[in-house]
Amino acid sequence: MIYRSTRNREETAEASQAILRGLAENGGLFVPDEIPALDVSLEDLAKMDYREVAYSVMKLMLTDFTEEELKYCINSAYDSKFDVPDIVPVVKHHDAHYIELFHGKTIAFKDMALSILPYLLTTSAKKNNIKNDIVILTATSGDTGKAALAGFADVPGTRIAVFYPKNGVSPVQEKQMVTEKGKNTFVAGITGNFDDAQTGVKNIFQDKELAAYLDEKGFQFSSANSINIGRLVPQIVYYVYSYTRLVKDGVITAGDKVNVVVPTGNFGNILAAYYASLMGLPVNKFICASNDNKVLYDFFKTGVYDKNREFILTSSPSMDILISSNLERLIYHIAGDDSAKNAALMKSLNETGRYDITDDMKAKLDKFYGGYATEDEVADQIRLVYNEDGYIMDTHTAVASRVYDKYKEETGDNTVTLIASTASPYKFTRSVLTAIDPAYDEKGDFELVDELEKLSGVKVPNAVEEIRSAEILHKTVCDKEDMEKVVRGFLGV
Ligand SMILES: *Cc1c(COP(=O)(O)O)cnc(C)c1O
């Protein structure tokens with residue numbers, strides 16, 4: 001199986017090379033040339049545990065990995081780092097099945113891919129005879145940074161540098177990052193917003209002179225960003241896994257279609273669900289849930305993608321995004337895997353901030369439904385579900401939950417539904433608790449943690465417990481112009 005660039009079909013890579021490179025030339029993304037079909041029945045998958053399902057799915061997409069290599073990566077990633085033995089619990093509340101993707105080290109769904117990416121990347125480096133240390137550069141709006149730090153901490157042959165907007169992340173998110181103990185890690189706040197951090201990282205990546213200099217010193221850059229197929233492929237697994245849990249529990253019969261609802265930002269998570277369906281998972285609708293930054297809702301309604309609008313800060317910050325990078329992969333596929341057509345649309349996005357797809361392309365999106373939830377609706381939903389049976393969801397998951405309610409009201413569709421639950425409520429305690437009762441706003445950040453434990457009956461996760469009194473180890477704050485300088489300082493070159 002080979003991967004091709006969405007902007008130039010002739011540019012190809014094997015899986016391990018695509019993982020090492022992250023991005024193709026000229027901003028293209030690597031996509032599988034053909035999507036392989038699952039070669040184990042859904043009934044048999046229902047008898048497997050998470051690691052076994054992961055192997056059955058990932059071996060089809062990462063064909064240049066040996067069985068031994070891939071099993072080593074999977075078994076190293078999905079182990080007791082997760083606080084539940086089944087890795088991804090599927091729980092029923094408010095008439096839907098929530099796929100709890102937040103039981104990893106940093107209590108957000110990013111852990112699902114970032115706990116395996118370091119193993120995939122170092123294995124890829126070995127396969128391709130890379131002798132340099134791999135330096136991961138990451139800009140984060142909050143969740144990716146800590147998940148990448150936790151994944152790469154003390155992994156031999158790697159270093160990781162994370163940049164976050166000094167005043168743009170939640171208190172728990174910041175504390176998680178600046179207390180990171182890994183010896184090969186570096187964290188800096190920048191005096192700017194997330195876009196500044198992201199642009200700074202991209203500039204460092206594109207500096208060919210710097211790359212040549214670092215190569216001499218034994219380093220090369222790579223990306224832990226969600227455009228890396230090393231993040232996308234592991235995300236396919238939990239859709240197959242959660243579907244087959246419903247089969248195992250007798251909720252559905254193998255072959256029945258289900259709806260999948262995903263709270264969406266960069267379009268990586270929902271794209272993984274789409275790939276799962278192309279591999280044979282029976283899906284009725286992909287329900288793409290947005291917050292007030294509803295570019296995708298408008299896109300699915302009109303066929304026009306238009307990022308020229310106000311950027312709104314919401315209580316679901318990991319979905320505050322106006323350019324959903326991974327949507328490019330879907331655009332490429334609905335254009336008939338036509339890289340020239342896709343490249344033209346992306347050029348238009350780059351130059352004018354918008355593009356318009358043809359009616360033919362739009363027709364191929366009939367399985368997608370776009371919805372959105374406002375800030376008031378998100379808070380109402382958290383309170384509503386809590387009052388029903390005591391289940392407390394985070395703000396991102398609440399966006400999905402509300403959009404699903406609206407979908408049912410609009411369509412009357414009562415197909416069995418899976419909802420991706422992307423973060424623990426402990427990561428966004430203030431928004432979650434004040435949704436239930438505004439009086440909580442009086443309290444301090446860690447008092448709220450204890451209140452949430454009392455209210456939910458769910459033990460404070462380790463990820464939060466360990467930062468209460470943790471020492472702050474990373475104190476660098478820099479201007480966006482100085483990012484390259486601090487990276488050099490970190491590497492000592
Ligand atoms: C990253 C993130 C999302 C959005 O996922 P995409 O793959 O970018 O669409 C949703 N919820 C949480 C909690 C996240 O961290």
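**Entry 1: Thr264**

I looked up Thr264 and placed it in the loop between β10 (258-263) and α12 (268-278); helices (H or I, at least four residues) and strands (E, at least two) are DSSP runs, numbered from the N terminus. The model is predicted, and I therefore kept its thresholds in view: local features need pLDDT of at least 70, side-chain atom pairs count only at pLDDT 80 or more, and totals for chains, interfaces and linings use all residues. Residues are numbered from 1 along each chain as its sequence is written, and side-chain values use heavy atoms, with hydrogens and water left out.

I recorded Thr264 as buried, since its relative accessible area is 4% (buried is under 20%, exposed over 50%, partly exposed in between, with a 1.4 Å probe and protein chains only). I then followed its side chain, which reaches the backbone oxygen of Val262 at 2.9 Å. This is a polar contact (a pair of N or O atoms within 3.5 Å; within protein, one must be able to donate a hydrogen and the other to accept it, and residues adjacent in sequence count only if both atoms are side-chain atoms).

**Entry 2: the cavity beside Thr264**

I next asked which residues line the largest cavity. Thr264 is one of them, together with Gly265, Ser290, Asn293, Val295, Leu296, Tyr305, Met319, Ile321 and Ser324. On a 1 Å grid over the protein atoms alone, a cavity is a set of points where a 1.4 Å probe fits but cannot get out, a pocket is an open set with protein on both sides within 12 Å along at least five of seven lines, and lining residues have an atom within 4 Å of a point.

I found one cavity of 30 Å³ or more in the structure, and the largest cavity holds about 50 Å³ of space (the space filled by probe spheres set on the points, which are joined across faces, edges and corners). Sorted by class, its lining has five nonpolar, five polar and no charged residues. Ala, Val, Leu, Ile, Met, Phe, Trp, Tyr, Cys and Pro count as nonpolar, Asp, Glu, Lys and Arg as charged, and the others, Gly among them, as polar.

**Entry 3: the ligand shell**

Gly265 returned when I turned to the ligand: of the 15 residues around the ligand, Gly265 is among those that come nearest, with Lys110, Asp143, Asn266 and Thr422 (a residue counts if one of its heavy atoms lies within 4 Å). The shell has five nonpolar, eight polar and two charged residues.

An N or O atom in the side chain of Lys110 is 2.6 Å from one, a backbone N or O atom of Asn266 lies 2.7 Å from one, and a polar backbone atom of Asn269 is 2.9 Å from one. The protein covers 96% of the 390 Å² of accessible area that the ligand has on its own (Shrake-Rupley method, 1.4 Å probe; for residues, only the protein chains shown count as cover).

**Entry 4: positive phi values**

I looked for backbone angles of note. Phe267, in the loop between β10 and α12, has a phi near 70°, a positive value in a residue other than glycine. Asn129 has a positive phi of about 55° and is not a glycine either; I placed Asn129 in the loop between α6 (117-127) and β6 (133-139). Is Asn129 buried or exposed? I recorded Asn129 as exposed, because its relative accessible area is 58%, whereas Phe267, at 1% relative accessibility, counts as buried.

**Entry 5: the second largest pocket**

I read about 780 Å³ of space in the second largest pocket. Its lining comprises 39 residues, and Asp83, Ile107, Pro461, Asn462 and Ala463 lie nearest its centre. At least two lining residues come from each of α7 (143-152), α20 (445-456) and α21 (462-465), and α21 gives the most, with three residues. I sorted the lining by class as 18 nonpolar, 10 polar and 11 charged residues.

**Entry 6: three further buried residues**

I examined Thr395 in helix α18 (residues 395-411). Thr395 is buried, with a relative accessible area of 1%, and a polar atom of its side chain lies 2.9 Å from the backbone oxygen of Ser315.

Cys288 lies in strand β11 (residues 283-290) and counts as buried, because its relative accessibility is 1%.

Tyr369, in strand β14 (residues 368-372), is buried at a relative accessible area of 15%. I noted that Tyr369 and Val155 are 214 residues apart in sequence and 40 Å apart in space, C-alpha to C-alpha.
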